[in-house]
Amino acid sequence: MNIEASIKEFVDFILVESGVEDDIGLLLEHLDKLPIIVSSAKFTFDEKDYADAPNKDYKTIRSKIESRFPKIGYYNTVLEISENLENTEISVGDAVDDLADIVGDLLDVLWYFKNTSEDDALWHLEQSYISHWGLHLRSLQLYLHELWW
């Protein structure tokens, strides 16, 4: 599997106008591939000190997602999944924000592929999934599954 190409394919699907608007089923298929991409990332930690990826324009990313997927929006989610089971609070998730965060982190990974090393890029892929966008992905998948089916 070419991880860099797979990430680029996902980002392009989200951000590049395809003429097919709001295809939730296809979005679900693309989202389903992301954990497989992460789990196939094998690397050796690169101890070289590299620059951080540049900041992205969140508003532009969000605007493109809103335009591409106009039917997605807010959804219910719980604050605690594995603790406080009887008394957890319901919160509101934002599917557009979830996608914007996932895309933003993956744009960083693509930058690392081009500007650092493959090992460094794969490390950033794994760490950003574990610490940030993995939870966005899973919450978003649950919402979209309910919306689609």
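**Exercise 1.** How are α2 and α5 oriented to each other: roughly parallel or roughly antiparallel?

*Solution.* In this predicted model, begin with the geometry of the pair: helix α2 (residues 24-39) and α5 pack at an angle of about 150°, and their axes lie 10 Å apart. Angles over 145 degrees count as roughly antiparallel, and α2 and α5 are therefore roughly antiparallel to each other. The sense of the crossing of α2 and α5 is left-handed. Next, look at the residues that meet: from α2 they include Leu-27, Leu-28, Leu-31, Leu-34 and Pro-35, and from α5 they include Leu-125, Tyr-129, Trp-133, Leu-137 and Trp-148. Sorted by class, the contact of α2 with α5 has 15 nonpolar, three polar and three charged residues.

**Exercise 2.** Compare the span of helix α5 with that of a straight helix, and locate its bend.

*Solution.* A straight helix of 31 residues would span 45 Å at 1.5 Å a residue. Helix α5 (residues 118-148), in contrast, spans only 36 Å between its end C-alpha atoms. Turning then to the course of the axis, α5 bends by about 65° at Trp-133, and Trp-133 is also one of the α5 residues that meet α2.

**Exercise 3.** Classify the packing of α3 against α4, and describe what meets there.

*Solution.* Helix α3 (residues 58-68) and helix α4 (residues 95-115) pack at an angle of about 125°, with 9 Å between their axes. That angle makes α3 oblique to α4, and α3 passes α4 in a right-handed crossing. On the α3 side the contact is made by Tyr-58, Ile-61, Arg-62, Ile-65 and Glu-66, whereas among the α4 residues that they meet are Val-96, Asp-97, Leu-99, Val-103 and Leu-107. By class, the contact of α3 with α4 has eight nonpolar, one polar and four charged residues.

**Exercise 4.** Work out how helix α1 is placed against α3, and which residues take part.

*Solution.* The axes of helix α1 (residues 3-15) and α3 come within 8 Å and cross at roughly 70°. Because angles of 65 to 115 degrees count as roughly perpendicular, α1 and α3 are roughly perpendicular to each other. Phe-13, Ile-14 and Leu-15 in α1 meet Ile-61, Lys-64, Ile-65 and Arg-68 in α3, and by class this contact has five nonpolar, no polar and two charged residues. Ile-61 and Ile-65 meet α1, and Ile-61 and Ile-65 also meet α4.

Note on methods: Residues are numbered from 1 along each chain as its sequence is written. This is a predicted model: local features need pLDDT of at least 70, side-chain atom pairs count only at pLDDT 80 or more; totals for chains, interfaces and linings use all residues. Side-chain values use heavy atoms; hydrogens and water are left out. Helices (H or I, at least four residues) and strands (E, at least two) are DSSP runs, numbered from the N terminus. The expected span of a helix is 1.5 Å times one less than its number of residues. The bend at a residue is the angle between axes fitted to the seven residues ending there and the seven starting there. Axes are lines fitted to C-alpha atoms, for helices over the stretch in contact, and angles run from 0 to 180 degrees between N-to-C directions. Angles under 35 degrees count as roughly parallel, over 145 as roughly antiparallel, 65 to 115 as roughly perpendicular and the rest as oblique. A crossing is left-handed if the near helix is turned anticlockwise from the far one by less than a right angle, and right-handed if clockwise. Contact means heavy atoms within 4.5 Å. Ala, Val, Leu, Ile, Met, Phe, Trp, Tyr, Cys and Pro count as nonpolar, Asp, Glu, Lys and Arg as charged, and the others, Gly among them, as polar.
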